[in-house]
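Hi,

Here is the structure I promised to pass on to you.

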Amino acid sequence: MPSALVEQLRAAVRDVRDFPKKGIVFKDITPILSDPLLFRASIDLFLERCRGKNIDKIVGIDARGFLFGSTVAYELGIGFVPIRKRGKLPYMTATAKYSLEYGQAEMEMHTDAVTAGERVVLVDDLLATGGTSAAAAVLIRKAGGDLLEAQFLIELQFLHGRKQLEPTPVTSFLKY
Ligand code: AMP
């Protein structure tokens, strides 16, 4: 993809200070979603990275991972699996705990969503501390999935989230 387009994507990410709480700079990707050229470009970044890898399923993380992940899965002609915060999925689930700044949280995936040996790519909008996606990786592996890679539109490198995901390869397109 032309670097000018990547720079346009970067410029469209809106910093919102003190959201959802004081001290956090929230990276708002809605200006990308609402612009047809930029939305397509953001999906194309994931697609370029996914093609030729013989992927069976895209797993997306609640909630913005659904927007990118399901569009990528549609375009690749493969299945999409949601990983959600505890209590949101209706059927039988497997659960993985992870640490938040204060306390713990849990992510869940349906027990029949990924089957043993399936080749899976994990997608989310943003990698921060890595706790959420590391929990998602645990769920995929517990189900017997072959987690090829975790892909993020944005990576906050100063938080070293990719360390939490080791040994999963991590790809991000806009680094801060
Ligand atoms: P973490 O578990 O710390 O890597 O957090 C990743 C999850 O929280 C992702 O699903 C992101 O959508 C969200 N998130 C964390 N920090 C931010 C931020 N500064 N801006 C936007 N979303 C964030």
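How many residues does helix α4 have, and how far does α4 reach from its first C-alpha to its last? Helix α4 (residues 64-76) has 13 residues and reaches 19 Å, close to the 18 Å expected at 1.5 Å a residue; the expected span is 1.5 Å times one less than the number of residues.

Before the rest, some ground rules. This is a predicted model, in which local features need pLDDT of at least 70 and side-chain atom pairs count only at pLDDT 80 or more, while totals for chains, interfaces and linings use all residues. Residues are numbered from 1 along each chain as its sequence is written, and side-chain values use heavy atoms, with hydrogens and water left out. Helices (H or I, at least four residues) and strands (E, at least two) are DSSP runs, numbered from the N terminus.

Back to α4. Gly65, Phe66, Phe68, Gly69, Val72 and Ala73 are its buried residues (buried is under 20% relative accessible area, exposed over 50%, partly exposed in between, with a 1.4 Å probe and protein chains only). Their cover includes α2 (30-33), α3 (36-50), β3 (57-61), β4 (79-85), β7 and β8 (146-155). After α4 comes Gly77, with a positive phi near 75°.

Strand β8 holds two glutamates to look at. Glu149 is in β8 and counts as buried because its relative accessibility is 3%. Its side chain makes polar contacts with the side chains of Arg49, at 2.7 Å, and Gln151, at 3.0 Å. (A polar contact is a pair of N or O atoms within 3.5 Å; within protein, one must be able to donate a hydrogen and the other to accept it, and residues adjacent in sequence count only if both atoms are side-chain atoms.) Beyond its neighbours within four places in sequence, Glu149 is in contact (heavy atoms within 4.5 Å) with residues including Lys53, Val121 and Thr168.

Glu155 is also placed in β8, and it is buried because its relative accessible area is 3%. The side chain of Glu155 has polar contacts with the side chains of Arg162, at 2.9 Å, and Ser172, at 2.7 Å.

Now the backbone. Most residues other than glycine have a negative phi, and most peptide bonds are trans. Asn54, in the loop between α3 and β3, has a positive phi of about 55° although it is not a glycine. His160, in the loop between β8 and α6, has a positive phi near 55°. Asn54 counts as exposed, at 60% relative accessibility, and so does His160, at 53%. The peptide bond from Asp62 to Ala63 is cis, with omega near 0°, and Ala63 sits in the loop between β3 and α4. Another cis peptide bond joins Glu166 and Pro167, with omega about 10°.

Finally, the largest pocket contains about 1100 Å³ of space. Its lining has 35 residues, with Ile24, Leu126, Ala128, Thr129 and Thr132 nearest the centre. β7 gives the most to that lining, with 4 residues. On a 1 Å grid over the protein atoms alone, a pocket is an open set of points where a 1.4 Å probe fits, with protein on both sides within 12 Å along at least five of seven lines; lining residues have an atom within 4 Å of a point. The volume is the space filled by probe spheres set on the points, which are joined across faces, edges and corners.

Best wishes
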